[in-house]
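Here is a short briefing on one protein chain. Look at the sequence and the structure first, then read the points below.

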Amino acid sequence: MLIPHDQLEPDTLTRLIEDFVTRDGTDNGDETPLPTRVERVRRALDKGEAVIVFGADHQQCQLALKRDVPKEWLLD
């Protein structure tokens, strides 16, 4: 299930993005400051390039590139 990012509380969205950009394996040696990485993800969400996916199996949200999400999930 996709979660519209603009329907989340701003603090919740920020924490979700921070969790994503600070996970092991996501920095790949990138020493970009945390606020910059958060802003990049926020812009990708605003542009529709990234989406928030809620996985019912594990009861958690993930960020994903829209192109990597099954097409049927994108239908309204």
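Which residues are buried in H1? They are Leu-13, Leu-16, Ile-17 and Val-21. These residues cover an arc of only 125° around the axis, which puts them on the same side of H1. Keep in mind that this is a predicted model.

**The whole chain**

- The protein chain has two helices and three strands.
- Along the sequence, they follow the pattern β-α-α-β-β.
- Along the principal axes, the C-alpha atoms fill a box of roughly 35 × 25 × 25 Å.
- Of the 76 residues in the protein chain, 22% are buried.
- The protein chain exposes about 5,700 Å². Carbon and sulfur atoms supply 50% of that area.

**Helix H1**

- Helix H1 covers residues 10-21, which makes 12 residues.
- At 1.5 Å a residue, H1 should span 16 Å. Its end C-alpha atoms are 17 Å apart, which agrees.
- What do the buried residues of H1 pack against? Their partners are helix H2 (34-47), strand E2 (50-55) and strand E3 (60-65).
- Now turn to the face of H1 that points away from its buried side. That face carries Asp-11 and Arg-15, which are exposed.

**The sheet**

- Three strands form an open sheet, in the order E1-E2-E3. The pairing is antiparallel.
- E1 and E3 stand at the edges. Each has a single partner strand, so one side of each is left without a neighbour in the sheet.
- How many bridges join E2 to E3? There are six, and the two strands run antiparallel.
- Phe-54 has Cys-61 in E3 as its bridge partner. Val-51 stands opposite Ala-64 in E3.
- E2 and E3 form a hairpin, with four residues between them. In the turn, Gln-59 has a positive phi of about 55°.
- In a regular strand, side chains alternate between the two faces of the sheet.

**Two buried loop residues**

- Where is His-5 found? His-5 sits in the loop between strand E1 (2-3) and H1.
- Is His-5 buried or exposed? Its relative accessibility is 19%, so His-5 counts as buried. The cut-off for buried is under 20%.
- Leave out residues up to four places away in sequence. His-5 then touches Leu-13, Leu-45, Asp-46 and Ile-52. One of these, Leu-13, is also among the buried residues of H1.
- Thr-32 lies in the loop between H1 and H2.
- Thr-32 has 16% relative accessibility, so this residue counts as buried too.
- Which residues are in contact with Thr-32, leaving aside its neighbours within four places in sequence? They are Arg-37 and Arg-40.

Terms used: Residues are numbered from 1 along each chain as its sequence is written. This is a predicted model: local features need pLDDT of at least 70, side-chain atom pairs count only at pLDDT 80 or more; totals for chains, interfaces and linings use all residues. Side-chain values use heavy atoms; hydrogens and water are left out. The expected span of a helix is 1.5 Å times one less than its number of residues. Buried means under 20% relative accessible area, exposed over 50%, partly exposed in between (1.4 Å probe, protein chains only). The arc is that of the directions from the helix axis to the C-beta atoms. Contact means heavy atoms within 4.5 Å. Two strands pair if DSSP finds at least two bridges between them. Accessible areas come from the Shrake-Rupley method with a 1.4 Å probe; for residues, only the protein chains shown count as cover.
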